[in-house]
Amino acid sequence: RPTIDRKLLESLPNLKVIGNSGVGVDHLDLKMIANFGVKVTNTPHAVADSTADIGMALMLASARRLVEGCQIAVSPDTKYFAVDWLGVEVTRSTLGIIGMGNIGYKVAQRARAFHMRILYHNRKQRRKEEEEAVGAHYCEKIEDLLQQSDFVMLVVNLTPETHKLIGKKELGLMKPTATLINISRGAVIDQDALAEALQNKVVRAAALDVTYPEPLPRDHPLLKLNNIIITPHIGTATVQALRMMAEEAIANMLAVLNGQPIPSEV
Amino acid sequence: MWYHKPVVNEELLQSLPNLKIVASSGVGIDHLDLKLLSGYGVKASNTPFIVSSDTADLAMALMLASSRRLVEGYQMAVSPDTEYFPADWLGDAVSGATLGIIGMGSIGYKVAERAKAFEMKILYHNRNRRNKEEESAVGAVYCEKIHHLLQQSDFVLLSVNLMPATHKLIGKRELELMKPTATLINVSRGLVVDQDALVEALQNKVIKAAALDVTYPEPLPRDHPLLKLKNVIITPHMGTATKKTRLLMMENMIKSIQAGLMGLPIPHEVL
């Protein structure tokens, strides 16, 4: 907000730069903005740690059934804690990262400390040293990653290529014991296919920080499932990240206005 | 035995004259009267080490969930009343923050390994100092005095055994030494914390929040003040609640029982 449309740009003839807070620019019509001679910048560095942290938080919360557990712990009906109530392990399981940019790589660094086996799929393979530093194995074919992973985490940009990247076919390739985690954009997943897959236990569970739209309509099937966690797009919702995003956006905008090299032009 | 049942008291032991061994699940043995058992010639075993990774994972899960307000966020995302997501709704970062680990045994150390990958600054307090290599491997700084750890930490994690020396280790004084922006995380035993002092500290914002996998008793009475506070998350003692680990624990207990029945050395005997 505000919505950057033709009307707004026409009303601001001296506009030189739009400094976006956050890294995703899928909400901007880059062609139209360029036609007005306006530059666009984003904040890729400021968002990386907090978003990687939320990816890990969602993976752990889903695997260990944290939200359900909290509900049991405080429910007025709880008389004892059942011994046979179990989650799944994170340590030593396999994490498949789809999208190994800044954020994906930080997820890999964190996951490695949990002795996870790390697979990744990316437009380009990373350099050997980068792979070895986190123990990540490249999967040129996304199918290989989907078939072997216990946790699949989406950390891509939203582009025409990644729109509905995960649909019925991809969900069908995942293990029935696997968990899908999305910290990229809601539209990377075919949500109807996901709702069906979760209902029929084609995959074990999902944990989404992003949906399409946000919020979901209150009668959406995803809200009725008990094997899903949804958070309200809080990947960068920390005091620390907010400040860093403002600082990074301002530095970028000043660079444009001063005719200096622009750190993060889109 | 699982979850401290049946209660191993004088009455039970008298009714089982041929009892050779009590195999307890998990690593904690605070629920067993070892003197009493020894008096009846009954051996005891636990399941250490195999519980460590899952418990460390849960400690990280609690720290992340609390700091990023995950449970509140989930409630907002699914609530029938939600019309939009507020822009000014914030949590606090885990990456780059300071974690103080009280109890650097197998579980505490595994938490340190995980926290290091989040670029956390790690302080620890323990009966014995770990050796230099162990400290450097996780970048942990020893705090001989617990108050130094309490004063500097953004997250204070309790991963000690419950014994007389750690009973109510964290009380009013310790909570007041903590930063008002700090979070207390407990994956050890409920009795390590003075619960009444904790309730007061949380109500008066002496500390920011708490995340507890363990309480005393479990479950808490349904009218307990801890259940009503917005800045607490409580989980139902699920540190080891995964399929793989429970299977390993069971196999472990069976090995101990078999050894005990045959009069052989018991793998994880508690003395």
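How far apart do the end C-alpha atoms of residues 2-270 of chain B lie? They sit 16 Å apart, and the span is 36% helix and 13% strand. Keep in mind that this is a predicted model.

**What UniProt says about chain B**

- An unreviewed UniProt entry gives residues 2-270 of chain B the label "domain: D-isomer specific 2-hydroxyacid dehydrogenase catalytic".
- Over residues 60-239 of chain B you get 32% helix and 16% strand, with the end C-alpha atoms 11 Å apart.

**How the chains split into domains**

- In chain A, the domain assignment gives domain 1 as 6-45 + 238-258 and domain 2 as 48-230.
- Taken over C-alpha atoms, the centres of domain 1 and domain 2 of chain A are 30 Å apart.

**Where the two domains of chain A meet**

- Seven residues of domain 1 of chain A touch six residues of domain 2 of chain A.
- Between them, domain 1 and domain 2 of chain A bury about 500 Å², with carbon and sulfur atoms giving 46% of that.
- On the domain 1 side of chain A, the residues that lose the most area to domain 2 are A:Asp26, A:Pro44 and A:His45, which together make up 61% of what that side buries.
- A:Asp26 also turns up in a salt bridge with A:Arg185, where the closest N and O atoms are 3.1 Å apart.
- The count between domain 1 and domain 2 of chain A is one salt bridge, along with two residue pairs in polar contact.
- By class, the domain 1 side of this chain A contact has three nonpolar, three polar and one charged residue.

**Where chain B meets chain A**

- This contact draws 55 residues from chain B and 58 residues from chain A.
- About 4,800 Å² is buried between chain B and chain A, and carbon and sulfur atoms give 66% of it.
- One salt bridge crosses the interface of chain B and chain A; A:Glu89 pairs with B:Lys244, and their closest N and O atoms are 3.8 Å apart.
- There are also 23 residue pairs in polar contact between chain B and chain A.
- On the chain B side, the elements giving two or more residues are α3 (52-67), α4 (70-78), α5 (106-116), β9 (232-234) and α10 (243-261).
- Of these, α3(B) brings the largest share, with nine residues.
- Sorted by class, the chain B side has 30 nonpolar, twelve polar and 13 charged residues.

**A closer look at B:Phe85**

- B:Phe85 is in the loop between α4 and β3 (98-102) of chain B.
- Setting aside neighbours within four places in sequence, B:Phe85 contacts A:Glu214, A:Pro215, A:Pro232 and A:His233 from chain A, plus B:Ala77 from chain B.
- B:Phe85 and B:Ala65 are 20 residues apart in sequence, and their C-alpha atoms are 18 Å apart in space.

Definitions and conventions:
Residues numbered from 1 in each chain as written. Chains lettered and ligands numbered in written order. Predicted model: local features only at pLDDT ≥ 70, side-chain atom pairs only at ≥ 80, totals over all residues. Heavy atoms only, no water. Domains from an automatic or database assignment. Contact = heavy atoms within 4.5 Å. Buried area = accessible area lost by both parts, 1.4 Å probe. Salt bridge = Lys/Arg side-chain N within 4 Å of Asp/Glu carboxyl O. Polar contact = N/O pair within 3.5 Å; in protein donor to acceptor, adjacent residues only side chain to side chain. Nonpolar A, V, L, I, M, F, W, Y, C, P; charged D, E, K, R; others polar. UniProt positions renumbered as here; feature names shortened; annotations may be inferred. Helix = DSSP H or I, 4+ residues; strand = E, 2+ residues; numbered from the N terminus.
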